[in-house]
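Dear colleague,

Please find below the sequence and structure that I am handing over to you. My findings follow directly after it.

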Amino acid sequence: PYFHQAKEGERAKVEYRFLHKNGDVIYCEFLGTQIEIEEGNTGVIWSVLDITQRKHADEELQNAKEEAEAANLAKSRFLANMSHEIRTPMNAILGLSQMMLQGDIDPKNRDYLQKILSSSKMLLGIINDILDYSKIEANKLELEAKSFDLESVLTQLRILFSQSAIDQGLELYFHKKHNVPGVIVADELRLDQILTNLLSNALKFTHKGMVSLTIELAERLDNRARIAFRLRDTGIG
């Protein structure tokens, strides 16, 4: 049946599993080549190869691969589930450090706080990258839908970037238009992360002038709204 309508010289390959008389399972590979014996008559030359060791090696490799994938998935799920637990205290450190820098403190303590703030920003960036990558691996990168005050996001951004803008001699503006809903339902963490990245890049590549973030209502239908976040700067970007 393997040579139905086949041409002379074509080969067929099939595998079978057998039970050895000693109880072991063995695998054999049959290779068949069709030949013409005489005019109008054909035959097949079969060769048999014991591939038991190869099959066992393939099974061990597949098992090792599945175990590695399971371990990697468990790691990714663990890190993904820790996102809020890790980011929340880091944001608190950033916010409180920034608030303390706005007070009247001596130069030595100011230097300590600036180093804490700088290191915290760097660590939070690394944490965000690791957690997002892990969530993608675990197929758990989903947007949340929770209500939150949009003004709280702007307050956090002001605390995070105001001093940096002052140090660079830049003007930093935040403007939320009056028709924008105060409380919205969205993914606060993702929104904060996106705006943080955009503002960070804007300040990094703006050497003079200003950076502004405007929030406006683009469209509203019943209880749903499309809100536009517009970032402008006078840098090279």
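Helices of at least four residues and strands of at least two are DSSP runs, numbered from the N terminus. Counted in this way, the chain of this predicted model has five helices and eight strands. Their order along the sequence is β-β-β-α-α-α-β-α-β-β-α-β-β.

Overall features

The chain has 237 residues, of which 30% are buried. Its exposed surface comes to about 16,300 Å², with 54% supplied by carbon and sulfur atoms. Of the contacts between residues at least 6 apart in sequence, 59% join residues at least 24 apart.

Strand S1 (residues 11-19) pairs with strand S2 (residues 25-38) in the antiparallel sense, over nine bridges. These two strands form a hairpin with five residues between them, and Gly23 in the turn has a positive phi of about 100°. S2 also runs antiparallel to strand S3 (residues 41-50), to which ten bridges join it. Leu31 illustrates the arrangement: this residue of S2 is the bridge partner of Lys13, and its bridge partner in S3 is Ser47.

In soluble globular proteins, nonpolar side chains tend to be buried together. Here, the largest nonpolar core contains 30 residues, and those with the most contacts inside it are Leu150, Leu157, Phe161, Leu172, Phe174, Leu199 and Leu213. At least two residues each are supplied by helix H2 (83-101), H3, helix H4 (150-167), strand S5 (171-176), helix H5 (188-204) and strand S7 (210-221). H4 gives the largest share, with seven residues. Leaving aside residues up to four places away in sequence, Leu199 touches Leu157, Phe161, Leu172, Phe174, Val211, Leu213 and Leu231.

A nonpolar patch on the surface

Met122, Leu123, Ile126 and Ile130 form a nonpolar patch on the surface, and together they have about 380 Å² of accessible area. Ile126 belongs to helix H3 (residues 107-137). Because its relative accessible area is 44%, Ile126 is classed as partly exposed.

Salt bridges

The structure holds eight salt bridges. In one of them, the side chains of Lys55 and Glu15 meet at 3.4 Å, N to O. This pair links distant parts of the chain, since Lys55 is in helix H1 (residues 52-81) and Glu15 is in strand S1, 40 residues apart. Both are partly exposed: Lys55 has a relative accessibility of 23%, and Glu15 has one of 41%.

A second salt bridge joins the side chains of Asp111 and Lys115 at 3.2 Å, N to O. Both residues lie in helix H3, four residues apart, about one turn of the helix. Asp111 counts as partly exposed at 32% relative accessibility, whereas Lys115 counts as exposed at 51%.

A further salt bridge is formed by the side chains of Glu219 and Arg226 (3.4 Å, N to O). Glu219 is partly exposed, with a relative accessibility of 44%.

The surroundings of Ala218

Ala218 is in strand S7 and is partly exposed because its relative accessibility is 40%. Not counting residues up to four places away in sequence, Ala218 touches Arg226, Ile227 and Ala228. The C-alpha atoms of Ala218 and Asn179 are 9.9 Å apart, although 39 residues separate the two positions in sequence.

Yours sincerely

Conventions: Residues numbered from 1 in each chain as written. Predicted model: local features only at pLDDT ≥ 70, side-chain atom pairs only at ≥ 80, totals over all residues. Heavy atoms only, no water. Patch = residues over 30% accessible without salt bridge, like charges linked within 9 Å, V, L, I, M, F, W, Y side chains within 5 Å. Areas by Shrake-Rupley, 256 points an atom, 1.4 Å probe, with all protein chains shown as cover. Salt bridge = Lys/Arg side-chain N within 4 Å of Asp/Glu carboxyl O. Buried < 20%, exposed > 50% of the residue type's maximum accessible area, 1.4 Å probe, protein only. Core = buried A, V, L, I, M, F, W, Y, C linked by side-chain atoms within 4.5 Å. Contact = heavy atoms within 4.5 Å. Pairing = 2+ DSSP bridges.
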